[in-house]
Amino acid sequence: MFDHLGNLGSQVRRITTAVQSLLLIITFVLLSFAIAPTKAAFAQTATLNPQQVVEYALTLEKLEADFYLRANNAIQTGRINNAPPIAQAALVSYGQDEQQHVTDLSAVLRSLGGNPDAVTIPASPVYTAILGRDPFANLPDLLLALQYVEDLGAAAYKGQVQNLLAANADTILAGALEIHTVEARHAAGIRFLRQTLLGADIRPWIRSESEVIYNEVRSGLPIPFENEAFDGFATEDEVLKLVGPILAASPQSTGPAAETNTMMGNVTQQDCPAGTTLQFISGGFACMF
């Protein structure tokens, strides 16, 4: 058993190294567009200034850090009682990374004249909105929810490259790409855990647009998503539509998660609450009143 876990650990490290190498290539490609822009690459108009980008990123990071805190609490308290040591170690490490992102982005926001304390999330975010059910009830649902969260987080950072390029915010862009690398490493790690521990038909990389909850395939891009070699991005509007239901609760709320009227992921009409209709919104499906 321990040998098996040791092998899993080695595989995680090898995949992490491979993902890091791949992301260096992606970063080089992104920076190449910055040095030698094409008409298509700059077709997107800036919609956020650097401070707004940091506030947006800090909101997402606070949510991720909170999600990992609750996930690790669920494991430590025995609510999720079958998480192997390799999964426990990964979730603790990833949660520490997200908290560090919160700390660092808060410092950047202060340097821009912003107030990180004004960037708030609800006391009880509606995480049931991710799958349409409690993601902390069992290990398969927890890892599936984390896969959606981490894939979306990596795509969200890529979606802000144009805004930071337009503002010549080189330092913030460099920091965003460094965080993006870590978010993608988390996504690959979670995917690997689902594949090896749960037998899920998934790989550490995205093979199909159906595996993510944002719009992976777009037309008119210089490097489209195809044949698993390149990955897409998510715009602010798309991300906020997906995250909005999670942020629906009042920031002052201290009670249990409120009911939600939307869901994300692979849902059907049968999964929708009574009185709602399954509709496709940008990046995924939602049960709408």
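**Aromatic close-ups**

**View 1. Phe 67 is a buried ring, at a relative accessible area of 2%.** Buried here means under 20% relative accessible area, with over 50% being exposed and anything in between partly exposed (1.4 Å probe, protein chains only). Phe 136 is buried too, with 8% relative accessibility. You're looking at a predicted model, in which local features need pLDDT of at least 70 and side-chain atom pairs count only at pLDDT 80 or more, while totals for chains, interfaces and linings use all residues. Residues are numbered from 1 along each chain as its sequence is written, and side-chain values use heavy atoms, leaving out hydrogens and water.

**View 2. Phe 67 meets Phe 136 in one of 4 aromatic pairs.** Rings of Phe, Tyr and Trp (its six-membered ring) pair if their centres lie within 6.5 Å; planes under 30 degrees apart are stacked, over 60 edge-to-face, and the rest tilted. This pair is tilted, because its centres are 4.9 Å apart and its planes sit at 40 degrees. Phe 67 belongs to helix H2 (residues 50–76) and Phe 136 to the loop between helix H4 (128–131) and helix H5 (139–158), 69 residues apart; helices are DSSP runs (H or I, at least four residues), numbered from the N terminus.

**View 3. Tyr 68 and Tyr 94 make an edge-to-face pair, with 6.3 Å between centres and 90 degrees between planes.** Tyr 68 is in helix H2 and Tyr 94 in helix H3 (residues 85–111), so the pair ties together parts 26 residues apart in sequence. Both Tyr 68 and Tyr 94 are buried.

**View 4. Phe 67, Tyr 127 and Phe 136 form a cluster linked by ring pairs.**

**View 5. The charged end of Arg 218 sits over the ring of Phe 233, 4.3 Å from its centre.** "Over" takes NZ of Lys or CZ of Arg within 6 Å of the ring centre and within 35 degrees of the ring normal.

Conventions. Helix = DSSP H or I, 4+ residues; strand = E, 2+ residues; numbered from the N terminus.
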